[in-house]
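Have the structure open while you read.

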Amino acid sequence: MIDIQVTNLTKFFVIGENLLEGLSFDIQEGERVAILGRNGCGKTTLLNVIGGLDGIDGGEILIQDKKFSTFSPTEYDSYRNTFIGFIFQEYNLLPEFTVEQNIKIAMELQGRKADEAEFEKLLQDVEISEFKARNPSELSGGQRQRVAIARALVKEPRIIMADDPTGALDSGTGIQ
């Protein structure tokens with residue numbers, strides 16, 4: 001089964017300048033894909049487009065044979081909240097929320113309550129249990145990155161979009 005099909009994708013960065021042009025590919029269920037390239041070549045833009053955060057200027061994206069161009073605003077919201085788990089390069093944590101609140105809000109947006117035992121195991125898995133009552137400003141970059149990873153994983157998404165997910169982590173934690 002093809003989960004994502006991109007056909008002739010075009011995204012304008014500035015008027016008259018294409019950031020992405022004529023891009024086509026398929027991603028199969030279970031496949032892991034890495035997008036490599038120099039700074040400014042469109043890697044983050046591509047993730048944002050496939051993740052439903054940014055629109056496109058040409059071409060088509062199909063998610064499980066459903067065209068993005070036919071998604072209603074409610075379907076985009078549902079897609080982002082349930083199907084996709086984002087790990088943003090800049091973390092995108094809510095500064096006024098604790099670590100625990102930042103992670104649990106991802107589940108609340110799906111209309112689910114966190115199972116406390118599973119939640120505690122996830123915190124242990126990403127080694128942030130002792131920080132759950134802290135705000136993001138009280139964390140190191142690597143700790144913030146682990147919160148972002150936990151927030152993506154707690155949703156149990158079909159697809160994880162990770163934009164430089166290990167850049168702020170030491171090599172051992174990055175491998176984990």
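Which residue in β6 does G85 stand opposite? G85 stands opposite I160 in β6.

A word on the ground rules first. This is a predicted model, where local features need pLDDT of at least 70 and side-chain atom pairs count only at pLDDT 80 or more, while totals for chains, interfaces and linings use all residues. Residues are numbered from 1 along each chain as its sequence is written, and side-chain values use heavy atoms, with hydrogens and water left out. Helices (H or I, at least four residues) and strands (E, at least two) are DSSP runs, numbered from the N terminus.

Back to the strands. β5 (residues 84–87) and β6 (residues 159–162) run parallel and are joined by four bridges; strands pair if DSSP finds at least two bridges between them. In a regular strand the side chains alternate between the two faces of the sheet. In β5, I84 and F86 point one way and G85 and I87 the other, and all are buried (under 20% relative accessible area, with a 1.4 Å probe and protein chains only).

Helix α1 (residues 43–50) is largely enclosed by the rest of the structure, because six of its eight residues are buried. Those are T45, L46, L47, N48, V49 and I50. After α1 comes G52, with a positive phi near 80°.

Now for α3 (residues 99–108), which packs against α5 (residues 141–154) and also against α4 (residues 116–125). Axes are lines fitted to C-alpha atoms over the stretch in contact, and angles run from 0 to 180 degrees between N-to-C directions.

| Helix pair | Angle | Axis distance |
|---|---|---|
| α3 and α5 | about 25° | 8 Å |
| α3 and α4 | about 120° | 12 Å |

So α3 is roughly parallel to α5 (angles under 35 degrees count as such). On the α3 side, V99, N102, I103, A106 and M107 make the contact (heavy atoms within 4.5 Å), and on the α5 side V147, A150, R151 and V154 do. These residues divide into seven nonpolar, one polar and one charged.

With α4, E100, I103 and K104 of α3 meet E116, F119 and L123. That set divides into three nonpolar, no polar and three charged.

Leaving aside residues up to four places away in sequence, N102 touches L93, L94, F97, P136, V147 and R151.

Note on methods
Angles under 35 degrees count as roughly parallel, over 145 as roughly antiparallel, 65 to 115 as roughly perpendicular and the rest as oblique. Ala, Val, Leu, Ile, Met, Phe, Trp, Tyr, Cys and Pro count as nonpolar, Asp, Glu, Lys and Arg as charged, and the others, Gly among them, as polar. Buried means under 20% relative accessible area, exposed over 50%, partly exposed in between (1.4 Å probe, protein chains only).
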